[in-house]
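Me: I'd like to learn how to read helix packing from a model. Could you walk me through it?

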Amino acid sequence: PDLLRFPALRVAREALLAGGTAPAVLSAANEVAVQAFLEDRIPFTAIPGAAEAVLEAQPHAGGLEIGEIFEADRGAREAARRWIEEHSR
């Protein structure tokens with residue numbers, strides 16, 4: 001696939017390769033961004049950018065203990081909300 005045309009695929013691949021809690025960070029950020037889109041706060045095309053920004057900003061090198069995953073999820077959701085506030089319509 002064309003990763004320039006479909007940036008969400010590139011971001012998902014980066015999360016997969018990073019390992020650790022990166023997939024949880026990506027998932028949480030994506031959920032928050034999709035909700036913001038559904039609320040007409042950001043355009044559809046901003047969803048991958050929000051997810052990528054959070055993935056780059058949040059630590060995700062931890063292991064796969066359930067507590068680490070929940071913490072990564074919480075931190076990613078907070079970071080995504082901040083990103084959306086800065087980039088909302």
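Reply: Start with contact, which means heavy atoms within 4.5 Å. Helices here are DSSP runs (H or I, at least four residues), numbered from the N terminus. In this case, Val 11, Ala 12, Ala 15 and Ala 18 of α1 touch Ala 22, Pro 23 and Leu 26 of α2. This is a predicted model, where local features need pLDDT of at least 70, side-chain atom pairs count only at pLDDT 80 or more, and totals for chains, interfaces and linings use all residues. Residues are numbered from 1 along each chain as its sequence is written, and side-chain values use heavy atoms, with hydrogens and water left out.

Me: How do the axes of α1 and α2 cross?

Reply: Axes are lines fitted to C-alpha atoms, for helices over the stretch in contact, and angles run from 0 to 180 degrees between N-to-C directions. Angles under 35 degrees count as roughly parallel, over 145 as roughly antiparallel, 65 to 115 as roughly perpendicular and the rest as oblique. The α1 and α2 axes come within 7 Å and cross at roughly 150°, so the two helices are roughly antiparallel.

Me: And at what angle do α1 and α3 pack?

Reply: At about 20°, with the axes of α1 (residues 7–18) and α3 9 Å apart. That makes α1 roughly parallel to α3.

Me: Which residues of α4 are buried?

Reply: Buried means under 20% relative accessible area, exposed over 50%, partly exposed in between (1.4 Å probe, protein chains only). In α4 they are Ala 72, Gly 75, Ala 76, Ala 79, Ala 80, Trp 83 and Ile 84. These buried residues pack against α2 (22–38) and α3 (47–57).
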